[in-house]
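Subject: Structure handover

Hello,

Here is the structure I promised to pass on. Please have a look at it first; my notes follow below.

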Amino acid sequence: MITEEIDLTKYIDYNNQFYKLWNLKEKKNNLPKYLNEIKTMDFNSFEKLIKSNDKKFANNLTDSLLNGDVYLLKNAYDLDYLDKLKKETSNVFKNSESSFHKIIENCPNFHRNISLEHAQKYAFQQIKHTHYFFPWNDDFFNLYKETYKKWKLFKFLSGYYEDCWENNSPKDGIVDRIQIVKYPPDSGEVELHQDPYIYQKFFISVYMSKRGKDYKNGGLYLINKAKEKIELEDKIDIGDLAFGFGTILHGVDKSNAVEED
């Protein structure tokens with residue numbers, strides 16, 4: 001839990017061209033609130049461009065993100081790995097009790113069934129079943145090992161050292177946390193909201209299910225500059241990763257389970 005502002009200087013990579021661009025362009029009063037455009041790229045192509053030190057690409061990308069573009073990066077994760085991870089996580093949900101722990105030293109991994117009763121305790125309403133994982137615990141199903149391969153890229157894109165916070169624990173003020181979320185059919189949802197903008201610029205989501213196969217309707221949506229609801233789900237395949245400024249209004253609509261034949 002963060003109770004006071006943290007000094008970020010030791011985490012910032014001052015030689016990082018993205019840090020220099022954000023420092024030049026980014027102001028608190030010009031952060032995007034609305035979606036401009038959904039841009040689709042292959043994850044590996046995107047990763048190569050980030051690492052290429054291409055100044056034109058970096059300049060265009062930072063402008064694009066500040067303008068409210070959200071990127072859907074295809075084929076980011078191995079499908080077999082995600083399938084096994086999904087099954088293993090479901091087993092944990094079924095075989096252990098829902099609980100809650102403050103993020104303090106030695107906080108364990110835990111899962112919480114955030115029902116309507118618990119939803120009132122959050123800044124915005126959310127009904128979901130979430131498992132929280134922390135890097136100082138045993139690496140459940142190599143989750144951190146696999147995720148850091150991708151997450152490093154977005155830390156670097158944010159202007160930080162790519163390995164920042166990996167070895168932090170709560171006493172350091174900022175920690176890494178991974179959530180795996182399951183939305184219960186007919187009730188799971190997240191109210192329209194903006195993410196806190198303090199230490200992480202982007203929302204970063206990896207998709208482990210597909211509309212039409214695992215659920216019938218609903219899912220992730222964003223609000224565009226015309227104040228219209230734009231659904232992302234029809235563009236999403238399992239293994240894709242989406243990211244954009246967390247200040248863009250977004251939420252999750254209720255969905256219905258797919259009926260079995």
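Which side chain does lysine 171 meet in a salt bridge? The partner is aspartate 172, at 3.9 Å from N to O. Lysine 171 is exposed, at 64% relative accessible area. Aspartate 172 is partly exposed, at 27%. Keep in mind that this is a predicted model.

Salt bridges

The whole structure holds 16 salt bridges. One of them joins lysine 201 and glutamate 26, with N and O 2.6 Å apart. Lysine 201 sits in the loop between strand E6 (189-193) and strand E7 (202-206). Glutamate 26 sits in the loop between helix H1 (17-25) and strand E1 (38-42). The two are 175 residues apart, so this pair links distant parts of the chain. Both lysine 201 and glutamate 26 are buried.

Another salt bridge pairs aspartate 253 with lysine 229, at 3.0 Å between the closest N and O atoms. Aspartate 253 belongs to strand E11 (residues 250-253) and lysine 229 to strand E9 (residues 229-231), so the pair ties together parts 24 residues apart in sequence. Aspartate 253 is partly exposed, at 23%. Lysine 229 is also partly exposed, at 45%.

There is a network too: salt bridges link Lys74, Lys210, Asp237 and Asp240.

Cysteines

The disulfide count is zero. Cysteine 107 is buried, with 2% relative accessible area. Cysteine 164 is buried as well, at 5%.

Best regards

Note on methods: Residues are numbered from 1 along each chain as its sequence is written. This is a predicted model: local features need pLDDT of at least 70, side-chain atom pairs count only at pLDDT 80 or more; totals for chains, interfaces and linings use all residues. Side-chain values use heavy atoms; hydrogens and water are left out. A disulfide is a pair of cysteine sulfur atoms within 2.5 Å. Buried means under 20% relative accessible area, exposed over 50%, partly exposed in between (1.4 Å probe, protein chains only). A salt bridge is a side-chain nitrogen of Lys or Arg within 4 Å of a carboxyl oxygen of Asp or Glu. Helices (H or I, at least four residues) and strands (E, at least two) are DSSP runs, numbered from the N terminus.
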